[in-house]
Amino acid sequence: MIGAITSGPIADFIGRKWAMRVYSAFCVGGWFSIYFAKGSLALDIGRLAGGYGMGAFSYVVPVYIAEIAPVNLRGALTTLNQVMICTGVSVAFIIGIVLSWRTLALTGLIPCAVLLLGLFFIPESPRWLAKIGSQKEFEAALQKLRGKDADITHEAAEIQDYIEELEKLPKANMFDLFQKRYLRSVTIGVGLMVCQQFGGINGICFYVSNIFETAGFSPSIGTIIYALLQVVITLIGATLIDRVGRKPMLLVSAAGLVVGCLLTAIAFYLKAHELSEKAAAILAVTGILVYISAFSAGMGAVPWVVMSEIFPINVKGVAGSLATLVNWFGAWSISYTFNFLMEWSSWGTFILYAAINAAAIVFIVMVVPETKGRTLEQIQADINA
């Protein structure tokens with residue numbers, strides 16, 4: 001959450017590339033602290049540093065991708081970030097079975113090294129360069145991204161005109177986000193993060209093996225199926241998002257989440273009342289796998305895609321930080337309350353999550369616009385008109 005609060009202003013001040021270097025340094029320090037830990041203090045410091053880096057990365061990476069991507073690939077490339085996150089989680093699940101936790105901590109250095117090396121070969125965000133007035137660097141970065149023979153005149157002019165309009169506005173702070181001008185984009189960005197997290201994903205994700213065990217299914221087999229499903233379906237979603245659109249994928253995903261929660265709720269109700277243990281186990285496993293498939297199909301990646309598209313560049317830092325903060329607060333609160341809710345009522349917990357996901361469908365229908373096939377400038381001008 002601290003990373004989320006500071007990530008936007010830092011990325012606005014030093015640029016997207018330097019921000020990623022700083023956050024990598026936090027992650028590297030965190031993993032070394034865990035590896036060399038002799039007691040709980042070093043472990044806590046490592047978790048704090050790594051958590052800060054991850055919280056900050058979760059904002060700056062989708063924003064950087066959205067700012068460099070051409071219109072027809074923006075959704076797919078931003079979703080690819082979520083594919084890589086799912087892949088990383090799945091790989092950690094699998095190699096964690098055979099490696100000690102100290103060695104596992106060292107493997108976290110590999111993506112940091114790849115990123116730090118890769119940053120030498122990629123350009124800075126052209127939109128950020130335009131915002132700070134680096135005209136030559138802006139045009140060079142855009143040309144490098146689009147290819148040396150591409151005509152960037154129209155795109156460069158559109159970005160420049162939009163930024164000139166925004167520069168006439170005063171520099172925004174957190175309180176300015178609640179002005180009428182920005183309220184709709186903030187409502188969309190923060191609202192989607194609430195829908196994503198409060199539908200129960202982190203409670204289910206962190207306790208998936210316990211859920212399988214409670215339902216009477218092999219936790220190791222269940223966890224591996226869960227991890228593989230996440231990667232495969234998120235990857236399929238990345239290929240569809242720029243064809244199908246953001247809104248249909250969110251609606252299908254939220255509907256699937258409701259079904260998954262209801263199936264799991266019925267399973268735990270049967271188990272609690274000792275009605276049919278075999279049916280309960282089948283329903284619980286089916287419900288959880290439907291849930292993670294539905295989440296991976298849209299609600300996992302699309303809120304980050306939309307968040308990276310809707311905020312004007314003059315408020316992107318503070319607005320993006322607010323949306324990311326709400327996301328991580330939701331992740332913490334759901335993870336923290338999940339066990340207490342399960343003790344209160346296992347089937348009641350999933351009915352509650354089903355109700356939240358049903359409310360998300362209403363929110364998406366009523367509030368969220370379609371952003372497919374439009375430039376960032378067109379999207380932001382329409383939303384904040």
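User: Which residues does Ala-42 touch, not counting residues up to four places away in sequence?
Analyst: Happy to start there. This is a predicted model, in which local features need pLDDT of at least 70, side-chain atom pairs count only at pLDDT 80 or more, and totals for chains, interfaces and linings use all residues. Contact here means heavy atoms within 4.5 Å. Leaving out residues up to four places away in sequence, Ala-42 touches Ser-33, Ile-34 and Ala-37.

User: Where is Ala-42 found, and is Ala-42 buried or exposed, or partly exposed?
Analyst: Residues are numbered from 1 along each chain as its sequence is written, and side-chain values use heavy atoms, with hydrogens and water left out. Ala-42 is found in helix α3, where helices (H or I, at least four residues) and strands (E, at least two) are DSSP runs numbered from the N terminus. Buried means under 20% relative accessible area, exposed over 50%, and partly exposed in between, with a 1.4 Å probe and protein chains only. At 22% relative accessibility, Ala-42 counts as partly exposed.

User: What separates the C-alpha atoms of Ala-42 and Gly-30?
Analyst: Along the chain, Ala-42 and Gly-30 are 12 residues apart. Between their C-alpha atoms the separation is 9.0 Å.

User: How many helices and strands are in the chain, and what is its radius of gyration?
Analyst: The chain has 19 helices and zero strands. Its radius of gyration is close to the 21 Å that the globule rule gives for 385 residues, so the chain is as compact as a globular protein of that length. The radius is taken over C-alpha atoms, and the rule is 2.2 Å times the number of residues to the power 0.38. The radius of gyration of the chain is 22 Å.

User: What share of the contacts in the chain with a separation of 6 or more comes from residues 24 or more positions apart?
Analyst: For context, 52% of the 385 residues count as buried, and the C-alpha trace spans about 70 × 50 × 40 Å along its principal axes. Among contacts with a separation of 6 or more, the share from residues 24 or more positions apart is 78%.

User: How many salt bridges does the structure hold?
Analyst: Side chains of opposite charge can pair when their charged atoms come close. A salt bridge is a side-chain nitrogen of Lys or Arg within 4 Å of a carboxyl oxygen of Asp or Glu. The structure holds nine.

User: Which residue forms a salt bridge with Glu-67?
Analyst: The closest N and O atoms of this pair are 3.2 Å apart. Glu-67 lies in helix α3 (residues 40–68) and its partner in helix α17 (residues 316–344), so the pair ties together parts that are 249 residues apart in sequence.

User: Where does Glu-274 lie, and what is its phi near?
Analyst: Glu-274 lies in the loop between α14 (246–272) and α15 (277–299). Glu-274 is exposed, with a relative accessible area of 66%. Its phi is positive, in a residue other than glycine, and is near 50°.
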